[in-house]
Amino acid sequence: SEGRGIRVAVIDTGVDAKHPSLKGKVGNGWNLVSKNDNVTDFHGHGTHVSSIIAAVAPKATIIPVKYYSEHLSGG
């Protein structure tokens, strides 16, 4: 099924939904640092992790949960 119907929460630095390997694979997420829906990844780690998940399960939906700020402090 390649992940069809599966949602994977990535609790990390956010996600760059415009990254070529993630286009159309990212659902609505939440920013625990700012308490809003801006999950922009300023560090890159969450995008990297999400890209690996998308490679393994290309039909899965990535749900970003931004826990770390740009300075890598936790929310």
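This is a predicted model: local features need pLDDT of at least 70, side-chain atom pairs count only at pLDDT 80 or more; totals for chains, interfaces and linings use all residues.
## Overall architecture

The chain contains 1 helix and 3 strands. Read from the N terminus, these elements follow the order β-β-α-β. The radius of gyration is 11 Å, close to the 11 Å given by the globule rule for 75 residues, so the chain is as compact as a globular protein of that length. Along its principal axes, the C-alpha trace spans about 35 × 20 × 15 Å.

## Contacts and surface

Among contacts with a separation of 6 or more, 85% join residues 24 or more positions apart. Buried residues make up 32% of the 75 in the chain. The chain exposes about 4,700 Å², of which carbon and sulfur atoms supply 55%.

D12 lies in strand 1, which covers residues 7-12.

The side chain of D12 does make polar contacts: one with the side chain of H45 at 2.8 Å, and another with the side chain of T13 at 3.5 Å. Beyond four places in sequence, D12 touches H45, G46, V49, V65, K66, Y67 and Y68.

K66 is located in strand 3, formed by residues 61-66. With a relative accessible area of 3%, K66 counts as buried because this value is under the 20% cut-off.

Apart from neighbours within four places in sequence, the contacts of K66 include D12, T13 and G14. Also among them are W30, N31, L32 and V33, together with N38, V39, T40 and F42.

Key. Residues are numbered from 1 along each chain as its sequence is written. Side-chain values use heavy atoms; hydrogens and water are left out. Helices (H or I, at least four residues) and strands (E, at least two) are DSSP runs, numbered from the N terminus. A polar contact is a pair of N or O atoms within 3.5 Å; within protein, one must be able to donate a hydrogen and the other to accept it, and residues adjacent in sequence count only if both atoms are side-chain atoms. Contact means heavy atoms within 4.5 Å. Buried means under 20% relative accessible area, exposed over 50%, partly exposed in between (1.4 Å probe, protein chains only). The radius of gyration is taken over C-alpha atoms; the globule rule is 2.2 Å times the number of residues to the power 0.38. Accessible areas come from the Shrake-Rupley method with a 1.4 Å probe; for residues, only the protein chains shown count as cover.
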